[in-house]
Amino acid sequence: MSIENLNPSIEHDQLIIYQSSLKGDVAELDALLQQDELILDRLTITSCHETPLHIAAMRGHLQFAQALLKRKPKLAEELDSLCRLPLHLASAEGL
């Protein structure tokens, strides 16, 4: 399933959370979760290439990664399209 095939609501949620992870904006993550506490749950069922945790790890956003893990620890077990865990990416960044 690609992002193009998702319903508009999930596609919008996914875009917003990914933009937050690119910026490493923990306050924005908190605001998104206040608006929709299931936003992270819906992301894990959409089969994207990377989770927000993968992106945060690649960008070196430690506080954002910690905030994600506090709210959804299972993200640490998700593999990206190259079968890497977020931990692999974080260690490559020296986190």
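**Helices, core and pocket: a chat**

Trainee: How much space lies in the largest pocket?
Mentor: Good place to begin, and keep in mind that this is a predicted model. The figure is for the largest pocket, and the space in it comes to about 150 Å³.

Trainee: Which element gives the most to the lining of that largest pocket?
Mentor: Let's start from the residues: L53, A57, L62, A65, Q66, L69, A76, P86, L87, A90 and L95 line the largest pocket. The elements giving two or more residues to this lining are α4, α5 and α6 (86–92). With four residues, the top contributor is α5.

Trainee: How many residues of the lining of the largest pocket are nonpolar, polar or charged?
Mentor: Have a look at the lining, where you will find Q66 among residues such as L53, A57 and P86. Sorted by type, the lining of the largest pocket has no charged residues, one polar and ten nonpolar.

Trainee: What pattern does the protein follow along the sequence?
Mentor: Count the elements and you get six helices and zero strands. Read along the sequence, that gives α-α-α-α-α-α.

Trainee: Which element gives the largest share of the largest nonpolar core?
Mentor: This core holds 17 residues, and I17, L29, L40 and L68 touch the most other members. Two or more residues come from each of α1 (8–23), α2 (26–35), α3 (39–43), α4 (52–59) and α5 (62–71). The largest share is four residues, and they come from α5.

Trainee: Which residues does I17 touch, not counting those up to four places away in sequence?
Mentor: I17 is one of the core residues that touch the most other members. Leaving out residues up to four places away in sequence, I17 touches L29, L32, I39, L40, L43 and P52.

Trainee: Why do the buried residues of α2 line one face of the helix?
Mentor: First pick them out: L29, L32 and L33 are the buried residues in α2. Looking down the axis of α2, these buried residues line one face because they fall within an arc of 95°.

Trainee: And which exposed residues does the face of α2 turned away from its buried side carry?
Mentor: The buried side has L29, L32 and L33. Turn to the face pointing away from that side, and the exposed residues are A27, Q34 and Q35.

How values were computed:
Residues numbered from 1 in each chain as written. Predicted model: local features only at pLDDT ≥ 70, side-chain atom pairs only at ≥ 80, totals over all residues. Heavy atoms only, no water. Core = buried A, V, L, I, M, F, W, Y, C linked by side-chain atoms within 4.5 Å. Buried < 20%, exposed > 50% of the residue type's maximum accessible area, 1.4 Å probe, protein only. Contact = heavy atoms within 4.5 Å. 1 Å grid on protein atoms, 1.4 Å probe; cavity = no way out; pocket = protein on both sides within 12 Å on 5 of 7 lines; lining within 4 Å. Points joined across faces, edges and corners; volume = space filled by probe spheres on them. Nonpolar A, V, L, I, M, F, W, Y, C, P; charged D, E, K, R; others polar. Arc of directions from axis to C-beta.
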